[in-house]
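Please find below a note on the structure under review.

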Amino acid sequence: MIPIRPKPSGSGSGADDSNNKQAVHTPSPSRIASKPVPERQLRSPREYQIDQLKRRFSPKETVDPSTGETSLVFSLKPSDPDFPYDLEKLECDLRIPAEYPRKLARLLVRNKDIPRGFAVNIERGWDRLVEERKGLKGGTLLTVMNALDRGLEGFLSEEKETVKITVFKDTRHVEGQPQDVIGKEAIKQPEVVKPVVQRPYIPLEIFTRDQIAEAKARRAQEVRQLEARMSRLPLYHKSSDGVIYTLPLDPKRRSSLPSGLQSVHSVQLVIPLLYPLQPLRVLLNDVDANEAEAVEELFTQKAVEQKQMSLTSHLNYLATNLHALARQATQMKMEEVKAAAEQVKKEEEGKGKKKADEEAKEAEHVASVAGDGERGHVHVIPRPLEWTLVNADGSSESDSESETDSDQDYEFIDGEGNTSGPTPGTTLPTATPERGTAISFPSIELHGIELLQVTLLSLSIKCNRCKTLNDVTNLKSDVEKLSSCKKCATSFSVRFRAELMHANSTRAGFIDLSGCTIADMLPSSFIPTCGRCSTQYPSPGFVSVRGETTTNVCRECHARFTFKIPDVKFLTYSTASSASLPPTTGPKRRDQKLGLHAGEPLPEKGACAHYKRSYRWFRFSCCNKVYPCDKCHQASEDHVDEWANRMICGWCSREQNYRVESCAFCGRSVVRQRTGGFWEGGKGTRDKVLMRKGDRRKYRNKKDGNKVNK
């Protein structure tokens, strides 16, 4: 609507004023140009539209030779970036008849992960779109498919169509009526009244709002702990609704399991939405279903009895005591078979007693008849009961089981990994092989941290041939790093295998070395896991080193956490796998004990009598000893000094590669900077020749002391 100003009254225009009040709303039909239609579409619309679909979706094409109908099977991914449903793609089967476009095309939805009622809604929506565009010029199957993509959310939001399947079964041959006779009355037979099985009434459990809220809070916390510990494992998988978790399982005594359960490597943990108010269940994967069903039922009973245990504790109990559950299930099956045999034996005994009673009554009747007349010489003796009964002594009963489940096999593990019970359990993933050199932090302090892991390890290693120190940085877990010595060019390799650290484990992992040994740990990257919400800190984490304290907050719950590494220990479990180097000649050098502590300054901050502005010590490569300067080395040693390629900071006592000005750890300057020619409280220039004229101390105690550059 665009308003137009009226023309002035003096104008010579003869047009009507009513036409000048408003713009034309509807254009003239003569000015409308129709969209051009390709000539090929007019000549053969079916082939043209099929080619369009082939170029757009690359479908799988099949043709029915009897009817000529073409089937195009393809996947339609929703183009809406805000599509609200969990539908990755729509599996479509488009049926195009040979008489198209006289006969309309049909769409069949082949998705098995959606209910059939929603698939029927989508198919009916396709039919409506085809009917709407039936008479339009230029409407193709591709345009209908695009319209289906745009309206897919609306079709899925409709009420689900209920599909009811009714089976009509001909039972006239069972009732005695011939099938070829219609309308003839069937012969009525007496109805057999089936006994009604009285099932016990199980009342529905009703929970209060407080119980439901408490259960949801506990479930959320334990699920976060489970995901934090298991999400990095290869067999881990979580369902879309968050109820079923597929987790790896490594039984403690796999060889003691039945043959049908020894192939188990993973388990499906079913966590109800109202856990622990509703029972926890497990499903063993890749096992015999008959043997696994009894074990799963026993685990559910144990879980109901021990509701105070966490999800991780239940999973650890299953990994540790799976063999005990299997043995108990086998015993229960044997008891059921034994009870069934006893029931059959009782029924046979009842039949034998009944027959013996009948024979005894018959014998009494014959004796009474004979007694009324003359007493005969033949006496009828009743048949003994033992002759008709099953000999119970002849049947051998199975010996009692030598082993029974005991409470000692039960292991309780709380949510933080603390175990209780005489039987030590193993964790679910296979433990890291204990070989190489173990790195640990014996006095590590963890506050508000559940797990701590070293993601990028940096080490200072010593060459086995020339004893030169080299730096190896950014070692990732299970990734071997090859390098060579910077002095003698001897090759060496380093591999780091990380482990998780927590309140009961201070070991960070193992280091496999070849051609070198470990000297010290350099600044490395750590990733903590929050102790309150079990959320892992995002990568790359924090860079820390021995003697430093790191404090930060969780990105999820904003809880404060702190960790401190006072010292680092290296323990050799086994020697290197590589061939040993030839032994060096000469006496063994004694290690120089400096008594330094990381984070504390050196004596006199590393300065000596020769260089008072140098705040560092040097490690000379000729003898691998530490001295403040070259003159101190010459005064203590009887050999010519070589260039020092390592130094120790005078402010933080940390050894590192040689740097010109500042420390790589604390960042402070290791040399006093040249002053600007002023006194500066005694820390600047004291030479009055080099002192600036503007400094009052330059001419003090002189005859011309009043000469000051103003």
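At its relative accessibility, does Tyr573 count as buried, partly exposed or exposed? With a value of 35%, Tyr573 is partly exposed. The points that follow place this residue in its setting; the model is a predicted one.

1. Overall make-up. The protein comprises eleven helices and 26 strands. Buried residues account for 34% of its 710 residues. Of the contacts between residues at least 6 apart in sequence, 51% join residues at least 24 apart.

2. The pair of Phe510 and Tyr573. The structure contains 13 aromatic pairs. One of them joins Phe510 and Tyr573 in an edge-to-face arrangement, at 5.2 Å centre to centre and with 85° between the planes. Phe510 belongs to strand β17 (residues 507-514), while Tyr573 lies in the loop between β22 (569-572) and β23 (616-620), so the pair ties together parts that are 63 residues apart in sequence. The two partners may be set side by side in terms of accessibility: Phe510 is buried, at a relative accessible area of 0%, whereas Tyr573 is partly exposed at 35%.

3. The pair of Trp643 and Tyr658. Here the ring centres are 6.4 Å apart and the planes stand at 75°, so this pair is edge-to-face. Trp643 is found in the loop between α11 (630-636) and β25 (644-649), and Tyr658 in the segment after β26 (655-657); the pair therefore ties together parts that are 15 residues apart in sequence. Trp643 is exposed, with a relative accessible area of 67%, and Tyr658 is partly exposed, with 33%.

4. Further ring contacts. Phe441, Phe526 and Phe563 are linked into a cluster by ring pairs. A charge also meets a ring: the charged end of Arg668 sits over the ring of Trp651, at 3.7 Å from the ring centre.

5. Packing of α2 and α4. Two packed helices are described by the angle between their axes and the distance between the axes. For helix α2 (residues 45-57) and helix α4 (residues 141-150), the angle is about 45° and the axes are 8 Å apart. On the α2 side the contact is made by Gln49, Gln52, Leu53, Arg56 and Phe57, and on the α4 side by Leu141, Leu142 and Met145. By class, the contact has five nonpolar, two polar and one charged residues.

Terms used. Residues numbered from 1 in each chain as written. Predicted model: local features only at pLDDT ≥ 70, side-chain atom pairs only at ≥ 80, totals over all residues. Heavy atoms only, no water. Phe/Tyr/Trp six-rings, centres within 6.5 Å; stacked < 30°, edge-to-face > 60°. Helix = DSSP H or I, 4+ residues; strand = E, 2+ residues; numbered from the N terminus. Buried < 20%, exposed > 50% of the residue type's maximum accessible area, 1.4 Å probe, protein only. Lys NZ or Arg CZ within 6 Å of the ring centre and 35° of its normal. Axes fitted to C-alpha atoms, helices over the stretch in contact; angles between N-to-C directions. Contact = heavy atoms within 4.5 Å. Nonpolar A, V, L, I, M, F, W, Y, C, P; charged D, E, K, R; others polar.
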